[in-house]
Amino acid sequence: MADATASFKDVPELFEVELGEALTARTESLSTFRELGPPDLCHIVKSTGRTGQRDIGSYHFVSGVDASSSASLAAYINSLTYSIEDNSAWFSKSTAWKVRNGCYCCFNAFSRVDIRVDVKIPGGVVAYVVDLRGERHEATPEIWQETYLSALLRAILYSDDPTYWLEAYRKLDPITTIEGELRFLQAAEALFMKGWQVGSDPEIQVATVVSNHLTAGVMKYFSSSGRCQPAANLFEKLAAREPEIASLLARSYIGMNEEVKAVQIMSAAMKHTPHSYTLLHVQSDFLRSKGRSDWALKLAKEAVNCAPSEFVTWEKLTELYIDTKDYESALLTLNSCPMFTFNGRDAHRTLVPAKVHLPFQRQIGDILPEKTKSEDDVADPALLRLPASGLRGTWARAYSLLTRLVSDIGWDELLKTRSVVFVMEEEYRMQKAQADIQKVVTSHSAQDVNENAAVIHEDGSVTAGNATLADDDASTRGMSSPLSESESKPEFENGLNVSAIPIIRVSSESDTEREIAESTRNGIAEQDEQSMTLEKPVQAAAGEEPEPSQVSNSYQEAFSFTNKRLCERWLDNLFMVLYEDLRVWTIFRAEVAHFKTQHVAYRKTGIEWEILGDLGMRLHHKEEAKEAYQRCLDTSRYSQKPWAKLLEMYADEGDITRTIQAAIRVAAYQYADYTEMTYPTLIARCFFKLGQIHGHAKISFTLLSMGLPDPILKIMDSYLQYGKTFKVEGYDF
């Protein structure tokens, strides 16, 4: 176990149990990295230099370090030697620890290899490549260029992803100068045609030249600050080689408010690539922004024809059907969306550390609440079990469309629309029962007319009717026999109809099926007055999976629902998820109204207010969600989320003072989690959004008027300094 003098002053660390186990675990995990790879790993070995004293190993994760050469990575390791605690004195008995060597690991997402730099202090620097089998190779200039771009894309795309969290993860600014940005653009241009190799967002099934992490990183970096000119210059060069890149070029020009130029580019590109769904989507979005959703709808339909296996094309068509208030078509289109298994970001294998060292950032962290578990971290199990918060990827996007539908037309109207376009389970059973009865009546009447008539069987054999009637009634098809007693009577347990309570499965990989089923049962058993006003959705016919022979026979017999479709099982499950959200929200709003009429304070814990705020955002009740987040701030809960959500809301409203107040807290939380980067971050985006309206000077003067401590003022001013360096809109007024 390491003592306090072996720790860094301001860098998080995880100390190893066995020396070198972090490097071994990373080598073994290389084959599991599917896309961009995990953040860089920096492994340090410390020694006292005394014989008999065991060396200790520690590591931390980092992004934003310049990975263009072995010298830049070695410089980062060398900088850590100045961060080690130096508590020794001439009269001290403690032994001084020093960094003996270090290893920096950076994953190359293009060639699927890990580049490593070993640094010995004092000594030399050795750079080499480790492939998926753990074998060493020499690092070439091409490998270094790919590694440099991979590291930049991870720093940009992982910068403010709330779902991606690692302990001891340090985030630094990836690009700090104009020259650094030019190098980024040059590397992106050189490797652009290989961009599909790094993968794409989980909503994209097949990564292409224009839909991948490289294009997403470029667009995020430049569009978040409203500086689309460099991106347009890059795409202008590349569009000459690949016409499909015109969609990205047009999007960049629209971001620059050069709409005429963008329309000309789209018009010319359609002659070369008329079947590019990304180009059709850019045109559709442009028409939609101009209020011509009817025209945009035609383009969205064409995009579906061009790429029917992509989720985003069906999603866009559903959105436009909702815009045009064609809710039946919207529900049918949503039902047709192809759903993909969600694969999260690549991550390291979790190791149990011998010790965790997370130094406290005193300069800004004093304004935060204590990071200890309290009563504000305890919530009602019914709130914790809400399944919607666990949706990811295409499932979350589809659920967002469903909540938009219910926001537009209401729950009752949505259920009516659902019953109009989909075959309900009760309808299916009634239709099948009628067909069974009809067949029984027909067979009995035929027997009365001619008891000895010959019967021709399916296998071609002919027998007397009275001799085979019993056998036919006992046919394994079961179509001509009435329902047995066990089939006709639903199962009851504790007074509840068990068969009427479906188990909700959010996805095939979901591990919350049991919890969802329990919450559904509890919701029915509670019988709250408020929840009684919300009609529970009946299960669609897709909820039952009859045998293939039964399905085909039922259709052959008399299935009259020629104008209806079967609801996909995943959509049926999302309706139940939506019902749970609406039930909890209805109870919550009824309780709030009741307490207001009684003039009594309505109390919840911090985490409960946070969950209710998230619930309000999901259901598009922005003002109520805002109120819930504000109530969460009155508690002692240690959480960044309510401040981050309010920061976005205040920035959208153009409220400078409140935006800055929220930004200070968000910055404090970020620095407490070792996010020492300025851009691209949520705070930078919100500041630049305000700067386009009010100018950066007004933001700067507002900061000065608040009388903030110097360390906090310096951090907040760094966002405006970035705007000044890169000439973000509003920096000069």
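Predicted model: local features only at pLDDT ≥ 70, side-chain atom pairs only at ≥ 80, totals over all residues.
The largest of them counts 105 residues, and the ones with the most contacts inside it are Phe184, Val218, Tyr221, Phe235, Ile683, Phe687 and Met716. Helix α26, spanning residues 656-672, supplies the largest share of this core, with 11 residues. Take Val218 as an example: leaving out residues up to four places away in sequence, Val218 touches Phe184, Ala188, Ala231, Leu234 and Phe235. Another core lies apart from this one; it has 68 residues, including Ile204, Val406, Trp411 and Val421.

Next come the strands around β5. Strand β5 (residues 113-120) has six of its eight residues buried, so it is largely enclosed by the rest of the structure. On one side of the pairing, strand β4 (residues 98-108) runs antiparallel to β5 and is joined to it by eight bridges. Within that pair, Tyr104 has Val117 of β5 as its bridge partner. The β4 and β5 hairpin leaves four residues between the strands, and Arg112 there adopts a positive phi near 60 degrees. Strand β6 (residues 125-130) also pairs with β5 in the antiparallel sense, this time over six bridges. Here Ile115 finds its bridge partner in Val129 of β6. β5 and β6 make a hairpin too, with four residues between them, and Gly123 in its turn shows a positive phi of about 150 degrees.

Helix α9 deserves a paragraph of its own. With 13 residues (277-289) at 1.5 Å a residue, α9 should span 18 Å, and its end C-alpha atoms do sit 18 Å apart, so expectation and model agree. Since 10 of the 13 residues of α9 are buried, the helix is largely enclosed by the rest of the structure. The buried set is made up of Tyr277, Thr278, Leu279, Leu280, His281, Val282, Gln283, Ser284, Phe286 and Leu287. What do these buried residues of α9 pack against? Their packing partners are α7 (246-255), α8 (259-272), α10 (293-306) and α11 (311-323). Just past the helix, Gly291 takes a positive phi of about 85 degrees.

A few individual residues bring together parts of the chain that are separated in sequence. Leu615 belongs to helix α23 (residues 606-618). Its relative accessibility is 0%, so Leu615 counts as buried. Setting aside neighbours within four places in sequence, Leu615 contacts Leu386, Asp581, Val584 and Trp585. Leu582 is 33 residues from Leu615 in sequence, with 8.9 Å between their C-alpha atoms.

Asn335, in helix α12 (residues 327-335), is buried as well, at a relative accessible area of 7%. Beyond residues up to four places away in sequence, Asn335 touches Phe422, Leu566, Cys567, Glu568, Trp570 and Leu571. One of these, Cys567, sits in the loop between α21 (548-558) and α22 (569-597). Cys567 is also buried, with 2% relative accessibility. Cys567 and Asn335 are 232 residues apart in sequence, yet their C-alpha atoms are 6.6 Å apart.

Finally, the charged pairs. Across the whole structure, 35 salt bridges turn up. In one of them, Lys46 pairs with Glu13, with the closest N and O atoms 2.4 Å apart. This pair links distant parts of the chain, 33 residues apart, with Lys46 in strand β2 (residues 40-47) and Glu13 in strand β1 (residues 13-15). Lys46 is buried at a relative accessible area of 0%, and Glu13 counts as buried at 0% too.

Arg133 and Asp131 form another salt bridge, in which the closest N and O atoms are 3.5 Å apart.

The link spans 506 residues of sequence, from Arg170 in strand β8 (residues 169-171) to Glu676 in the loop between α26 and α27 (682-694). Arg170 is buried, with a relative accessible area of 12%. Elsewhere, salt bridges connect Arg288, Glu319, Asp323 and Arg404 in a network.

Key: Residues numbered from 1 in each chain as written. Heavy atoms only, no water. Core = buried A, V, L, I, M, F, W, Y, C linked by side-chain atoms within 4.5 Å. Buried < 20%, exposed > 50% of the residue type's maximum accessible area, 1.4 Å probe, protein only. Helix = DSSP H or I, 4+ residues; strand = E, 2+ residues; numbered from the N terminus. Contact = heavy atoms within 4.5 Å. Pairing = 2+ DSSP bridges. Expected span 1.5 Å × (residues − 1). Salt bridge = Lys/Arg side-chain N within 4 Å of Asp/Glu carboxyl O.
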